[in-house]
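Biologist: Hi! Please put the model up, and let's talk through it together.

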Amino acid sequence: MADVPPRKPLFDPEKRRRGIYILPNLFTTAALFAGFYAIVQAMNDRFEHAAVAIFIAMILDGLDGRIARLTHTQSAFGAEYDSLSDMVSFGAAPALVAYEWALRDMGKLGWIAAFIYCAGAALRLARFNTNIDVVDKRYFQGLPSPAAAALIAGLVWVGIDNGFSGPDLRWAACFFTIFGGLTMVSNVLYFSGKEFNLRRRVPFFAVLAIMLAFALVSLDPASVLFLLFLIYAASGYVMLVMHRLGKKIPGHEPPTS
């Protein structure tokens, strides 16, 4: 009787003992909670709370990756967990908020628009994960899902602050929902901001600019945030047009296709 080779264990005990890093994943969990909270609030017709929760999820999502890099606690688990959290907070939550707030009365067009956004977010995240080692770190390929979510959350927040109901802005909501979904899966390039180093010295003027930005946001958070992300969403198309016209963009060398 031939010797039977030993079976490979179902789980590697060594890998199981490694565990996960608590600090960055704590921020990821908080972002996931904020996205889920936005969905719950939208289902209860508290759309302003839902919009604010999406912006809070954006802040937390921006912190988890930076904290992981600063503390050298990056992990494959953290990357996958972050993607799943992003799908809830910046994919499902904005689509549902937009549908419940403004698109429900538009019939098939309304839920199709919401699905385009949700599918766009899923495809955007899947492409980002598979291309993470081959794309230029300075740019995002397609509109980042947090920025797309900010367009919808910002529109909802601005509309409510100015006394508009969802049906009043249904065509604007439909446009931004479809625009966000399609732009996320486009090849339009956006500045990533990953070259910004928190540990690097900056001119004193940069500190004043940051203080001014906080002051502007505090004056009218809804309008200022919506305007900032609207400009960012348009910036990719502006760079694309300038590149097509042969104009040189400072610091921008798009890869050849």
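**Inside the fold**

Biologist: Which residues does Val156 touch, not counting residues up to four places away in sequence?

Modeller: With those neighbours set aside, Val156 touches Phe47, Ala51, Val97 and Trp101. Touching, or contact, means heavy atoms within 4.5 Å. A word on the ground rules: this is a predicted model, so local features need pLDDT of at least 70 and side-chain atom pairs count only at pLDDT 80 or more, while totals for chains, interfaces and linings use all residues. Residues are numbered from 1 along each chain as its sequence is written, and side-chain values use heavy atoms, with hydrogens and water left out.

Biologist: Thanks. Where is the place of Val156?

Modeller: Val156 sits in helix α6. Helices (H or I, at least four residues) and strands (E, at least two) are DSSP runs, numbered from the N terminus.

Biologist: Why does Val156 count as buried?

Modeller: Because Val156 has a relative accessibility of 1%. Buried means under 20% relative accessible area, exposed over 50%, and partly exposed in between (1.4 Å probe, protein chains only).

Biologist: How far apart are the C-alpha atoms of Val156 and Val97?

Modeller: They are separated by 8.5 Å, although Val156 and Val97 are 59 residues apart along the chain. Across the protein, 82% of the contacts between residues at least 6 apart in sequence join residues at least 24 apart.

Biologist: Let's zoom out. How many helices and strands does the protein have?

Modeller: There are nine helices and two strands. Starting at the N terminus, the order is α-α-α-α-α-β-α-α-β-α-α. Of the 257 residues in the protein, 37% are buried.

Biologist: What about the largest nonpolar core: how many residues does it have?

Modeller: That core has 50 residues, and Phe55, Trp101, Leu103, Tyr117 and Leu143 have the most contacts inside it. At least two residues of this core come from each of α2 (22-43), α3 (47-70), α4, α5 (108-131), α6, α7 and α9 (221-244). Helix α6 gives the most, with 11 residues. A nonpolar core is a set of buried Ala, Val, Leu, Ile, Met, Phe, Trp, Tyr and Cys residues joined through side-chain atoms within 4.5 Å.

Biologist: What volume does the second largest cavity have?

Modeller: About 30 Å³. That is the space filled by probe spheres set on the points, with grid points joined across faces, edges and corners. The structure holds two cavities of 30 Å³ or more.

Biologist: Which helices each supply at least two residues of the lining of the second largest cavity?

Modeller: Those are α4 (76-103), α6 (145-161) and α7 (170-184). The lining of this second largest cavity divides into seven nonpolar residues, one polar and no charged.

Biologist: New topic: which residues are buried in α5?

Modeller: Among them are Gly110, Ala113, Tyr117, Gly120, Arg124 and Arg127. The cover over the buried residues of α5 includes α4, β1 (139-141), α6 and α7.

Biologist: And the loop between α2 and α3: which residue is found there?

Modeller: Asp45 is found in that loop. Asp45 has a positive phi, near 60 degrees, and is a residue other than glycine. Most residues other than glycine have a negative phi. Asp45 is exposed, with a relative accessible area of 55%. Just after α3, His72 also takes a positive phi, of about 55 degrees.

Biologist: Last one. Pro24: buried or exposed?

Modeller: Pro24 counts as buried, because its relative accessible area is 6%. Pro24 is found in helix α2, and leaving aside neighbours within four places in sequence, Pro24 is in contact with Asp64, Ala68 and Thr73. Gly78 is 54 residues from Pro24 along the chain, yet their C-alpha atoms are separated by 7.5 Å.

Key: On a 1 Å grid over the protein atoms alone, a cavity is a set of points where a 1.4 Å probe fits but cannot get out, and a pocket is an open set with protein on both sides within 12 Å along at least five of seven lines; lining residues have an atom within 4 Å of a point. Ala, Val, Leu, Ile, Met, Phe, Trp, Tyr, Cys and Pro count as nonpolar, Asp, Glu, Lys and Arg as charged, and the others, Gly among them, as polar.
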